[in-house]
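Colleague: I would like to learn how to read a few features of a model. Could you walk me through them?

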Amino acid sequence: MNPKWTNVAVVGAGTIGLAWAALFAHAGLEVRVTDPRDDLEAAIDDALPMLAESIPGAEVAALRSRITATGDLAKAVENAQLVQENGPERLEFKQQLFAEIARHAPADAVLASSSSGIVASAIAAELDEEVAARLLIAHPFNPPQVVPLVEIVPGATAEEVVQEAIAFYRDLGKTPVRIHKEVDGFVANRLQSALLRESISLVQQGVVSPEELDTVMKASLGGRYATIGPFESFHLGGGPGGIRHMMAHLGVGMADRWAELGRPELDDATITSIVEQTEAAYGAGPESYRERARLRDRKHNALNTALFGIETGADATI
């Protein structure tokens with residue numbers, strides 16, 4: 001980690017906040033975690049073993065030694081160079097929370113929100129210009145300690161702060177991507193939502209079950225999009241003619257198919273059906289969650305390692 005960064009604050013100790021805290025601690029940072037919950041210390045202790053399992057090379061004791069819990073927001077952020085906020089997805093709550101953070105954090109601290117859909121300019125709407133210039137969205141994809149992406153979405157953010165944030169997350173080993181225009185849901189969640197909409201529609205129509213749809217995804221697009229994205233995939237799919245050939249050959253039919261995509265209503269009956277089928281396939285409850293989450297993280301870390309090896313040439317030595 002760049003020696004510029006030594007102290008960070010994590011505001012909100014839910015699933016995302018605790019994952020950030022573990023990742024920050026593994027990078028050698030001193031982390032102060034704050035949350036009004038009465039069981040904050042216990043929540044950290046309970047979460048760390050599973051989080052450590054999912055971070056290659058991490059040890060519970062080493063992570064815990066760098067994490068301090070406090071119910072005092074002011075104390076948590078008083079010397080933070082970056083504050084990672086992970087509160088509820090409610091605009092008024094985040095506005096009030098960041099106003100409080102700004103009163104106690106250093107004047108040059110980067111103020112980052114893990115919001116999955118609320119834009120920075122809305123959060124900063126009632127803040128002083130100096131504070132708004134330090135606030136941005138740094139949206140991770142769940143689980144943050146495993147999935148590389150961090151969407152960096154500025155509002156009225158100073159360019160220097162944007163670049164500092166990008167450097168910070170890159171030093172953590174993340175893949176920060178700057179989003180050039182504020183849009184609700186940003187990019188990754190909008191893509192996920194579009195895919196989930198058609199997935200629910202296909203299950204609702206009886207075309208496939210949830211488990212069968214997941215198998216289709218894992219055996220086709222999932223692997224493809226883990227290695228190359230939709231545009232490069234389409235480009236390579238056209239052979240030497242590339243995307244130009246694909247658009248000429250398949251473009252009209254593809255556009256016609258867009259008009260046929262499902263628009264399922266998430267009424268009670270649909271939700272009940274989707275939930276029951278998914279739980280039947282993958283289980284429910286804490287034990288099932290822990291088992292499947294561990295397997296998910298092992299698979300994703302294996303993928304990260306393999307892709308990193310190919311991209312750096314390290315795989316040539318295997």
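Colleague: Let me start with open space: what volume does the second largest pocket have?

Modeller: Rolling a probe the size of a water molecule over the atoms shows where empty space is left. In this predicted model, the second largest pocket has a volume of about 410 Å³. Its lining counts 20 residues, and the closest to the centre are Thr15, Ala47, Met50, Leu51 and Tyr289.

Colleague: Which helices supply at least two residues each of that lining?

Modeller: Those are helix H1 (15-26), helix H2 (40-54) and helix H15 (286-312). The largest share, 6 residues, comes from H15. Sorted by class, the lining holds 11 nonpolar, 4 polar and 5 charged residues.

Colleague: Now the backbone. Which peptide bond is cis?

Modeller: Most residues other than glycine have a negative phi, and most peptide bonds are trans. Here the bond from asparagine 142 to proline 143 is cis, with omega near 0°. Proline 143 sits in the loop between strand E6 (135-140) and strand E7 (149-154). As for phi, phenylalanine 186 has a positive value, near 60°. That phenylalanine 186 lies in the loop between strand E8 (175-178) and helix H9 (188-204).

Colleague: Is phenylalanine 186 buried or exposed?

Modeller: Buried means under 20% relative accessible area. Phenylalanine 186 is at 1% relative accessibility, so this residue counts as buried.

Colleague: And where does helix H13 bend?

Modeller: Helix H13 (residues 242-258) bends at leucine 250, by about 60°. Gly242, Met246 and Gly251 are buried in H13, and the cover over the buried residues of H13 includes helix H12 (230-237).

Conventions:
Residues are numbered from 1 along each chain as its sequence is written. This is a predicted model: local features need pLDDT of at least 70, side-chain atom pairs count only at pLDDT 80 or more; totals for chains, interfaces and linings use all residues. Side-chain values use heavy atoms; hydrogens and water are left out. Helices (H or I, at least four residues) and strands (E, at least two) are DSSP runs, numbered from the N terminus. Buried means under 20% relative accessible area, exposed over 50%, partly exposed in between (1.4 Å probe, protein chains only). The bend at a residue is the angle between axes fitted to the seven residues ending there and the seven starting there. Contact means heavy atoms within 4.5 Å. On a 1 Å grid over the protein atoms alone, a cavity is a set of points where a 1.4 Å probe fits but cannot get out, and a pocket is an open set with protein on both sides within 12 Å along at least five of seven lines; lining residues have an atom within 4 Å of a point. Grid points are joined across faces, edges and corners, and a volume is the space filled by probe spheres set on the points. Ala, Val, Leu, Ile, Met, Phe, Trp, Tyr, Cys and Pro count as nonpolar, Asp, Glu, Lys and Arg as charged, and the others, Gly among them, as polar.
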